[in-house]
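Please open the structure in your viewer and keep the selection tool ready.

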Amino acid sequence: MTEASDKAGAIDVLVVDDDFMVARVHRAFVERVEPFRVVGTAHTGEQAVEAVDELRPDLVLLDLYLPDLFGLDVIPRLRAAGHDCDVMVISAATEADTVRGAVRRGVVDYLLKPFDFEDLRLRLERYAAQRGRLLTAVVRGQADVDRVLADAFVPAPAHTLPKGMSVETAELVERALREADGTLSATECAALTGVSRVSARRYLEHFHGTGSAQVSLRYGATGRPERRYAWRA
């Protein structure tokens, strides 16, 4: 992380994707989330290595299907060059070996394409919270070491809410999900809880991001599929 980003409190991000339009969309998504800022984009593995060397980002959003290198092969090259930036994989790759390989290489998260803004926002906010705890950790003994490791590898608990979200509203949405006969859409959840559809969607996506709720898609005759949520038993 650069001294400038340290002072500003920003988290600098490099977006890596072989598709120029997809990279542009991901860049726009990231720049909507505080305190993240995109410092560059790359479209090949070689470009990614060169960009990290030049820009020194804190976080790399890494596609795996690059034209010259498999994305996971970029990570050891970054480490060999002395870069300790974090890596979040963003890919359509669902093979178990690929996911295991990503975990072995120390990625901080693995997000499957296609996804929408809320999917990425929740993961970025979780990453920022974990990063903040790691940067401020004080180690005096084994208990502190255990706590640091837990912060690094275990997702934030469901009761930890991002900034701007209230415990009272989260409890309303959770109760609606638990008591629902089947799944709920954001519109249905809003009607049950009395909050706006946008707020209901944000809380529902928060529970999805923390693993407390699962999402299914309902396809209609036209338009985008409807996201439906259910509480995990």
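A charge is said to sit over a ring if NZ of Lys or CZ of Arg is within 6 Å of the ring centre and within 35 degrees of the ring normal. The model on screen is predicted.

**Stop 1: a charge and a ring.** Select R32 and F117. The charged end of R32 lies over the ring of F117, at 3.7 Å from the ring's centre.

**Stop 2: a pair of rings.** Aromatic rings pair if their centres lie within 6.5 Å. The count for this structure is five aromatic pairs. For one of them, select F36 and Y127, a tilted pair with 6.3 Å from centre to centre and 35° between the planes. Which parts of the chain does this pair tie together? F36 belongs to strand β2 (residues 36–42) and Y127 to helix α6 (residues 117–135), so the pair links parts that are 91 residues apart in sequence.

Are these two residues buried or exposed? Buried means under 20% relative accessible area. F36 counts as buried because its relative accessibility is 4%. Y127, at 5% relative accessibility, also counts as buried.

**Stop 3: a cavity.** Searching the whole structure gives one cavity of 30 Å³ or more. The largest cavity has a volume of about 40 Å³. To find it, select V15, V16, D17, H26, L61, D63, I90 and K113, which line the largest cavity. What kinds of residue form this lining? Four are nonpolar, one is polar and three are charged.

How values were computed: Residues are numbered from 1 along each chain as its sequence is written. This is a predicted model: local features need pLDDT of at least 70, side-chain atom pairs count only at pLDDT 80 or more; totals for chains, interfaces and linings use all residues. Side-chain values use heavy atoms; hydrogens and water are left out. Rings of Phe, Tyr and Trp (its six-membered ring) pair if their centres lie within 6.5 Å; planes under 30 degrees apart count as stacked, over 60 as edge-to-face and the rest as tilted. Helices (H or I, at least four residues) and strands (E, at least two) are DSSP runs, numbered from the N terminus. Buried means under 20% relative accessible area, exposed over 50%, partly exposed in between (1.4 Å probe, protein chains only). On a 1 Å grid over the protein atoms alone, a cavity is a set of points where a 1.4 Å probe fits but cannot get out, and a pocket is an open set with protein on both sides within 12 Å along at least five of seven lines; lining residues have an atom within 4 Å of a point. Grid points are joined across faces, edges and corners, and a volume is the space filled by probe spheres set on the points. Ala, Val, Leu, Ile, Met, Phe, Trp, Tyr, Cys and Pro count as nonpolar, Asp, Glu, Lys and Arg as charged, and the others, Gly among them, as polar.
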